[in-house]
Amino acid sequence: MGYPDQRFDVNLSILFTELPLLERPAAAAAAGFTAVELWWPWIETPTPPQAELDALKKALDDAGTQLVGLNFYAGQLPGPDRGALSVPGTESERFRANIEVAADFAASVGCTALNALYGNRVEGADPQVQDALALENLVLAARAADRVGAILLVETLNKPESPLYPLVSAPAAIEVVDKVNAATGLGNAKFLLDLYHLSMNGEDLSQVIKAYAAKTGHVQIADNPGRGAPGTGSLPLEQLLDELKDAGYAGRVGLEYKPGDRPSAESFDWLPASARAAR
């Protein structure tokens, strides 16, 4: 048990950001990793030129890295936004324009997990209207994901850092997952269980794992406090990942932490080099 028994991937939208996007897959590979994940890399547009999509695919292929998770368009992230799909008007339309683009790109690189961030509450908008719009868009996203053999992920964030985001508990995200699956009948909507966000919300992590491991499609980690690498805070991450495994979770664990003041490549000393390649 322990870290060497896990299947890790590196989030290239929070690690290796000292490098241009197209250089990050090779940097992750040089550090020993062969699986990576990404937030939507083109924050200004849901529909980038095909040449840019092709360039990212080539960078992943050339590095020998497998993309295992991709966010749909999520607005300004990093930045003030936390998704677009429940935001009425232009942002919802941009999310819809992105659905097939993201799904087709995922298919082109063999990525089988697509994360749909819910979006913030908007001042003056009726929360029920936002939730109805969200369900409508998540159903479209789940169908597109299913078309390319992927799962749809719904993520809990944390209230201190995302005060306008409505899904700030595991049960809140699970409720959305269940609604999407009921609406589509596909069963491909899953929970993205991020141990850092859940710990920031003060949830009982062992209890969440017991209750929801079966509905979990992806896991992400960072230590708390600080959102740094494992060992920089006080979360018993190794134990919690063992608990996930014991509860039946056999998927990947995304490293979504901040490397601190050092280069990203130096932030992996907690993980033996032999345990970094995808299995």
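## Aromatic cluster

Y3, F8, F16, F33, Y257, F268 and W270 form one aromatic cluster. Rings of Phe, Tyr and Trp (its six-membered ring) pair if their centres lie within 6.5 Å; planes under 30 degrees apart count as stacked, over 60 as edge-to-face and the rest as tilted. The model is predicted: local features need pLDDT of at least 70, side-chain atom pairs count only at pLDDT 80 or more, and totals for chains, interfaces and linings use all residues. Residues are numbered from 1 along each chain as its sequence is written, and side-chain values use heavy atoms, with hydrogens and water left out.

The structure holds 10 aromatic pairs. In one of them, the ring centres of Y3 and W270 are 4.9 Å apart and the planes stand at 75°, so the pair is edge-to-face. This pair links distant parts of the chain, 267 residues apart: Y3 is in the segment before β1 (8-11), and W270 is in the segment after β8. Helices (H or I, at least four residues) and strands (E, at least two) are DSSP runs, numbered from the N terminus. Y3 counts as buried at 10% relative accessibility, and W270 is buried with a relative accessible area of 14%. Buried means under 20% relative accessible area, exposed over 50%, and partly exposed in between (1.4 Å probe, protein chains only).

## The barrel

A closed barrel of 8 strands runs β1-β2-β3-β4-β5-β6-β7-β8, with parallel pairing. The twist averages 30° from one strand to the next. Two strands pair if DSSP finds at least two bridges between them. β1 and β8 run parallel and are joined by 3 bridges; F8 stands opposite V253 in β8.

β5 and β6 pair in the parallel sense over 4 bridges, with L153 opposite K190 in β6. β6 also pairs with strand β7 (residues 216-221), again in the parallel sense and over 4 bridges. The bridge partner of D194 in β7 is Q220. Of the 6 residues of β6, 5 are buried.

Contact means heavy atoms within 4.5 Å. Axes are lines fitted to C-alpha atoms, for helices over the stretch in contact, and angles run from 0 to 180 degrees between N-to-C directions.

Helix α5 (residues 170-184) lies across β5 (151-155) and β6 (189-194), at about 165° to β6. β5, α5 and β6 make a right-handed β-α-β unit: with the strands pointing away from the viewer, the path from the first strand over the helix to the second runs clockwise.

## Backbone exceptions

Most residues other than glycine have a negative phi, and most peptide bonds are trans. F16, in the loop between β1 and α1 (24-30), has a positive phi of about 65° although it is not a glycine. F16 counts as buried at 2% relative accessibility.

R227 lies in the loop between β7 and α8, and its phi is also positive, near 60°. R227 is buried, with a relative accessible area of 11%. P225 lies in the loop between β7 and α8 (237-246), and a cis peptide bond with omega of about 5° joins N224 to P225. Another cis peptide bond, with omega of about 5°, joins L77 and P78; P78 lies in the loop between β3 and α3.
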